[in-house]
Every structure is written in C-alpha cells, then in structure tokens.
Amino acid sequence: MVREDGKRNFALREEGGDERSVFSGSTPRQAALKAARRLAPASSEADAERHELRLREHGTDKVHIYEAWAWEEEAPDNAPDWLAQQNRITEANVSKKGIEHLEEI
C-alpha cells in the first residue's frame with residue numbers, strides 16, 4: 001500500500017513468519033538495502049556472508065526475496081563531521097531472488 005509520500009512499507013519476515021521490523025522505501029530494493037545494513041558487517045565485501053531477506057509488502061500477499069550482505073569501509077573524505085568521527089561505515093548490497101505470494105495475510 002502506497003503512503004501519501006509515495007513510499008511503501010515492507011515487513012521483514014523471520015523463519016517462523018514473525019514480522020518484527022518494518023522498513024520503508026519507494027521500491028522493495030530500497031527497503032531491502034536498509035534491512036541489509038542491519039546485518040553484522042564483514043571486514044570486506046569479498047568476505048561478507050550472504051543472508052536471505054524476506055520482505056512482505058504491507059497490504060499485499062507479496063513477499064520479496066533478496067540475498068543480502070554487508071561489510072565495513074572507511075568513511076569517505078567528504079563525510080559530514082558526525083560520520084567522519086566514526087571512521088568506518090557499513091555498506092550493503094542486495095540481489096533479488098524472486099517474489100512469493102502468501103496464501104494468508
């Protein structure tokens with residue numbers, strides 16, 4: 001369901017079907033990237049462990065399935081002061097695997 005600002009809400013589904021976190025974005029991929037940044041980051045992208053993310057779009061029976069991974073990098077030189085103090089940032093990437101439809105909502 002689309003909000004007034006054009007964004008949609010996606011619930012992160014756990015293995016048992018519980019939905020405890022909600023991420024918003026104008027596309028499912030945008031919400032998946034936000035969820036992926038919460039994963040434990042690896043020291044580099046090459047070392048990052050892949051995880052499956054399942055995001056159910058609110059108001060529909062669609063579950064978007066992504067492979068996600070996260071890693072740490074040096075903060076960029078042009079980073080704002082509050083970010084430059086941390087020295088490292090978490091980057092993430094996702095790859096869409098498909099869409100499933102739930103029988104129950």
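1. What share of the contacts in the protein with a separation of 6 or more comes from residues 24 or more positions apart? The share is 49%, where contact means heavy atoms within 4.5 Å. The model is predicted, so local features need pLDDT of at least 70 and side-chain atom pairs count only at pLDDT 80 or more, whereas totals for chains, interfaces and linings use all residues. Residues are numbered from 1 along each chain as its sequence is written, and side-chain values use heavy atoms, with hydrogens and water left out.

2. Overall composition. The protein contains 2 helices and 5 strands, arranged along the sequence as β-β-α-β-β-α-β. Helices (H or I, at least four residues) and strands (E, at least two) are DSSP runs, numbered from the N terminus. The C-alpha trace spans about 45 × 35 × 20 Å along its principal axes. Of the 105 residues, 35% are buried; buried means under 20% relative accessible area, exposed means over 50%, and partly exposed lies in between, with a 1.4 Å probe and protein chains only.

3. The sheet. An open sheet is formed by 5 strands in the order β2-β1-β3-β4-β5, with antiparallel pairing. Two strands pair if DSSP finds at least two bridges between them. At the edges stand β2 (19-25) and β5 (88-101), each of which pairs on one side only. From one strand to the next, the twist averages 35°. Axes here are lines fitted to C-alpha atoms, for helices over the stretch in contact, and angles run from 0 to 180 degrees between N-to-C directions.

4. Strand pairs within the sheet. β1 and β3 pair in the antiparallel sense over 3 bridges, and A11 has R56 in β3 as its bridge partner. Strand β3 (residues 51-57) is joined to strand β4 (residues 62-74) by 6 bridges, again in the antiparallel sense. Within this pair, H51 stands opposite A68 in β4. The two strands form a hairpin with 4 residues between them, and G59 in the turn has a positive phi of about 85°.

5. Helix α1 on the sheet. Helix α1 (residues 28-36) packs on the sheet and touches β1 (8-13), β2, β3, β4 and β5; its direction makes about 130° with that of β5. The buried residues of α1 are P28, A31, A32, L33, A35 and A36, and they pack against β1, β2, β3, β4 and β5.

6. P28. This residue is found in helix α1. P28 counts as buried because its relative accessibility is 12%. Apart from neighbours within four places in sequence, P28 is in contact with R8, F10, L55, H64 and Y66. P28 and M1 lie 27 residues apart in sequence and 12 Å apart in space, C-alpha to C-alpha.

7. R8 lies in strand β1, and a polar contact of 3.5 Å joins its side chain to that of E57. A polar contact is a pair of N or O atoms within 3.5 Å; within protein, one must be able to donate a hydrogen and the other to accept it, and residues adjacent in sequence count only if both atoms are side-chain atoms. Not counting residues up to four places away in sequence, R8 touches M1, V2, F23, S24, G25, S26, T27, P28 and E57. S24 is placed in strand β2 and counts as buried because its relative accessibility is 18%. Leaving aside neighbours within four places in sequence, S24 is in contact with R3, K7, R8, N9, A31 and K34.

8. R50 and W69. The charged end of R50 sits over the ring of W69, 3.9 Å from its centre. A charge sits over a ring if NZ of Lys or CZ of Arg is within 6 Å of the ring centre and within 35 degrees of the ring normal.

9. N87. Most residues other than glycine have a negative phi. N87 has a positive phi of about 75° although it is not a glycine. N87 lies in the loop between α2 (81-84) and β5. N87 counts as partly exposed because its relative accessible area is 42%.
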